[in-house]
Amino acid sequence: MALLPVSDVVDPPFRVVVVEADARRREDLRACLGIDGNADRTVGVPVGVPGDGPGDVVVDSMAGLERALGDGRATVAVVGPGHVSAFGFEQLHRLVVVHPNLAPVVVAPDLSTDLLQQAVRAGARDVVAAAAGPHALLDAVDRVGADLVARGPDRRQRPWPEPGTLRRGRLIVVHGPKGGVGTTTVAVNLASALAASGSGAVLVDADLAGGDVALLLGVTPERSALDLVGSVHYAEPDLLRSLLVPVGERLLVLPAPLEPPGPDGPTAEEMVAVATALRPLGNVVVDLPAGNDEVSRALVEEADAIVLVTTLDVPGVKHLHRGLQRLGLPAERDPRCHLVVNRAGARGGLAVREVERVLDLRGAHSVPDDPAVTRAVNAGVPVVRSAPRAPAGRALARLAAAYAEPRPRGRRRRRAAGMPEPGSGRPGW
Ligand SMILES: Nc1ncnc2c1ncn2[C@@H]1O[C@H](COP(=O)(O)OP(=O)(O)OP(=O)(O)O)[C@@H](O)[C@H]1O
Ligand SMILES: [Mg+2]
């Protein structure tokens, strides 16, 4: 097949700049991308890299890239392995911050999770293994360039994903203002069962000061929300996926950090941005910390569904009541709210009806007190997977099934499905 100048094949929407210090690798990348000298890029038609042809260049340093960016054009920078280092990423990040029209694709000597993390934090839109071959690189340039162009000229105006722009999965927050009531148990099992139902789920541990999600799932917390803050607005969903811990086939987990973040930890706005950015990967379940901090408040506000957890004792119910007041959340009138009474049936516990009456919330979902939960916690496997026939396993699977269903439309279908009317205090999907 004859080679055609790209400018004859497609309209030029963006240009490509290759940055590589090593002369041999530079030549390889130049050849791979069909950049002919420092003039027009030519490619074989079957490969079909979109680009603007004229203006594609190959440079040997970040300073060269910076000079090229001076003209303000939309640019996909292919950053070669020679710049894959802490220093290289630092230089790249500086350029990304200053030039909103720059979208880097990093060509990495290997694809370790550490390297992926550093690349994302530096602002890479995609990372390709050097060994993956020319088609993988050309695909990445295609995708990243198309996205860059689609974002239009106001790229600088949108530092965070706007709520609503990336949605696919729903944001479900699990909240138990009083500690120890089983919030994490409910969140972990809800996410695990939702993932198994086929819709895919992401579980975010927002209890940054010491959350137990990783413990309950038996995973090692390598990365946390702290690593995604500041880079979610650059990263492609595929890249975000690679930063999460996979558990089973369809559950992705963002654990709490090993050390609490301190006063410079993520802001509420940043945590909302992280949760929102993960939505293209599936339903996002967020395990909120006990109490009512700013992060919880912001995530509750943004949520599509709010699972409120209490145990059947006076302090649990009192804390939930106060917690709702502090959040300014009129749960009884907010169709997003759903009450879960955990450890139901425990000796001396209040009646579920009594708790519903005090909180003015009907349709509570009961999860029984069950030793299978303790065994599951100790084994690091959610009870919905380790003991699906145990009473708590069944109850938690039923809870998840309610959230896995598509929202029925119209009064008749809602009634037919036995679903609650809006405002009845049951799940608002
Ligand atoms: N339905 C249940 N039956 C028996 N034990 C349970 C049940 N739910 C939770 N537990 C036990 O209660 C303990 C606390 O649960 P969990 O960590 O989920 O609570 P939490 O509200 O998230 O606590 P924290 O305030 O520490 O975040 C766990 O060790 C778990 O074994
Ligand atoms: Mg917890």
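**Helix packing and a parallel sheet**

Helices α3 and α4 are roughly parallel to each other (a term for angles under 35 degrees; over 145 counts as roughly antiparallel, 65 to 115 as roughly perpendicular and the rest as oblique). α3 spans residues 62–69 and α4 residues 86–98, and the two pack at an angle of about 10° with their axes 10 Å apart. Here axes are lines fitted to C-alpha atoms, for helices over the stretch in contact, and angles run from 0 to 180 degrees between N-to-C directions. From α3, Met-62, Leu-65, Glu-66 and Leu-69 make the contact, and from α4, Gln-91, Leu-92 and Leu-95 (contact: C-beta atoms, placed from the backbone, within 7 Å). By class, these contact residues comprise 5 nonpolar, 1 polar and 1 charged.

The structure is a predicted model, in which local features need pLDDT of at least 70 and side-chain atom pairs count only at pLDDT 80 or more, while totals for chains, interfaces and linings use all residues. Residues are numbered from 1 along each chain as its sequence is written, and chains are lettered from A and ligands numbered from 1 in the order in which they are written. Helices (H or I, at least four residues) and strands (E, at least two) are DSSP runs, numbered from the N terminus.

Turning to the sheet, 5 strands form an open arrangement in the order β4-β2-β5-β6-β7, with parallel pairing (strands pair if DSSP finds at least two bridges between them). Its edges are β4 (57–59) and β7 (126–129), each of which pairs on one side only. On average, neighbouring strands are turned by 20° against each other, direction ignored. Strand β2 (residues 15–19) runs parallel to β4 and is joined to it by 3 bridges; Val-19 has Val-59 of β4 as its bridge partner. Further along, β5 (residues 75–79) and β6 pair in the parallel sense over 5 bridges, and Val-78 stands opposite Val-105 in β6.

Strand β6 (residues 102–108) is largely enclosed by the rest of the structure, because 7 of its 7 residues are buried (20 or more other C-beta atoms within 10 Å of a residue's own; exposed means 12 or fewer, partly exposed in between). In a regular strand the side chains alternate between the two faces of the sheet. Leu-102, Pro-104, Val-106 and Ala-108 point one way from β6, Ala-103, Val-105 and Val-107 the other way, and all are buried. Helix α3 returns here too: α3 lies across β2, β4, β5 and β6, running at about 160° to β2.

Technical notes
Two residues are in contact if their C-beta atoms, placed from the backbone, lie within 7 Å. Ala, Val, Leu, Ile, Met, Phe, Trp, Tyr, Cys and Pro count as nonpolar, Asp, Glu, Lys and Arg as charged, and the others, Gly among them, as polar.
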